[in-house]
Amino acid sequence: MKTEKVVIVGAGFAGLRLAQDLINHPNYEVYLIDKQNYHQFQPLMYQVATARLEPASISFPLRKVFQKAKNVKIRITEVSEINFNKQFVATPIGNFDYNHLVIAIGCTTNYFGNKNLQDFAYPMKTIPEAIQLRNRILQTFENALNTTDPDKLQTLLNFVIVGGGPTGVELAGALAEMKENILPKDYPDKDFSKLTIYLLEGSPHTLSPMSKGSQKMSQKYLEELGVSVVTNTFVKDYDGTIVTLNTGEKINSKNVIWAAGVTGNVIKGFPESCITRGNRLIVNRQNEVVGLKHVYALGDISYMETPKHPKGHAQVASVALQQASLLAENLKKIIKNKPVKDYEYIDKGSMATIGKRKAVVDLPKFSFQGRLAWFTWMFIHLMLILSIKNKLLIFMNWMISYFNNDSTLRIIMKPISTKVKTTKE
């Protein structure tokens, strides 16, 4: 029986779904390569950063996911280069040849070339970054107890979130609820009323890709929670203490959180003709990278123009999942020499939550906000979680938080200072 090797680089939504759809296929041997040994559920990353969920609740060990898969092999390493002529990917643990190569490495934080922002602002694209941000937020509250100078205290208590997309909006809402419900109980000897949360957005509205109703209500909800929403404004510079805006205004802050943009991760070897703005790989309607045979790109890293989406698709999980499912279907057709299908995105809607009983949902034909939207948001996200155990853990945490506006996860986990020497293997 003919067997071909599929190498998938990246275990995000697209890479994981493709590998799952090819489980135990008799004609394909699958190698799933990722730097981490787990899949992370990015939509709930902000809840880790604000101590609402533990990192393990939204992380899934890859080997656990594929325990029963006879044809899927996991390799934890980083791809350093791709040789398209000889059809192999180079890694520190060896080369992996392929018949079909799938790039699903997603994106990283885009600081738009500003070195100061890269050095001083806090990103939130990975689990380690979310833990780092959680440590910083919790440590800020501890530091505030020992700060008596009014100016220094205000600089410490000014939280500036840059980017009014779903990540920024959800994070701002979570911090506002923490200020309202948790800080008075955790720190009864300190007045945190001066804690100020700024949400800066370069466009005229928060949640700019969503409907006008959702844009309006998301801003209304944030302002009701006490968030200072500043639109048509972007950060020009930040030196670790002073945020300089394009308007010339300045905000003193020790806590700037960057949620303003992404750029594709880069792997050495791709011709420049394959790459477009945002370091995305140009693909055809079957997600095959232009100019390269048997090389595909999925999800955030891919750029595909269609009649319905002439400027490419949004970099969201639903696009990645649908592309992965279609590619799996096409690979099964290719092995049987059957015609393949073109990709067309089916928009099932988008949503964001701002706080308790405050959310916005856009469906293809109508949108709604408020309590029903909030329950819809919770249900959809629970259904997307991989394991039943994790679904239960998250649901229990949400219910405890719902009834007592509290959690027990506010632990500062500092990096260990003792270094253990290791020898080369």
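Two strands are taken to pair if DSSP finds at least two bridges between them. Helices (H or I, at least four residues) and strands (E, at least two) are DSSP runs, numbered from the N terminus. The model is predicted: local features need pLDDT of at least 70, side-chain atom pairs count only at pLDDT 80 or more, and totals for chains, interfaces and linings use all residues. Residues are numbered from 1 along each chain as its sequence is written, and side-chain values use heavy atoms, with hydrogens and water left out.

An open sheet is formed by three strands in the order β23-β24-β25, with antiparallel pairing. Strands β23 (350-355) and β25 (367-369) stand at the edges with a single partner strand each, so one side of each has no neighbour in the sheet. On average, and with direction ignored, neighbouring strands of this sheet are turned by 5° against each other. Five bridges join β23 to β24 (residues 358-362) in the antiparallel sense, and A352 stands opposite V360 in β24. Helix α8 packs on the sheet and touches β23, β24 and β25; its direction makes about 170° with that of β24. Helix α10 (residues 371-384) lies across β23, β24 and β25 and runs at about 115° to β23. Here contact means heavy atoms within 4.5 Å; axes are lines fitted to C-alpha atoms, for helices over the stretch in contact, and angles run from 0 to 180 degrees between N-to-C directions.

Helix α5 (residues 127-145) has 19 residues and reaches 28 Å from its first C-alpha to its last, close to the 27 Å expected at 1.5 Å a residue. The expected span is 1.5 Å times one less than the number of residues.

A search of the whole structure finds 11 salt bridges, each defined as a side-chain nitrogen of Lys or Arg within 4 Å of a carboxyl oxygen of Asp or Glu. In one of them, the side chains of D97 and K5 meet at 3.2 Å, N to O. D97 lies in strand β8 (residues 94-97) and K5 in strand β1 (residues 4-9), so this pair ties together parts that are 92 residues apart in sequence. D97 counts as partly exposed at 44% relative accessibility, whereas K5 counts as buried at 15%.

The side chains of E177 and R52 form another salt bridge (2.5 Å, N to O). Because E177 belongs to helix α7 (residues 166-186) and R52 to the loop between α2 (45-49) and β4 (59-61), parts 125 residues apart in sequence are tied together. E177 is buried, with a relative accessible area of 10%, and R52 is partly exposed, at 24%.

The loop between α2 and β4 also holds E54, whose side chain meets that of R134 in a salt bridge (3.6 Å, N to O). R134 lies in helix α5, so the pair ties together parts that are 80 residues apart in sequence. E54 is partly exposed, with a relative accessible area of 27%, while R134 is buried, at 1%.

How values were computed:
Buried means under 20% relative accessible area, exposed over 50%, partly exposed in between (1.4 Å probe, protein chains only).
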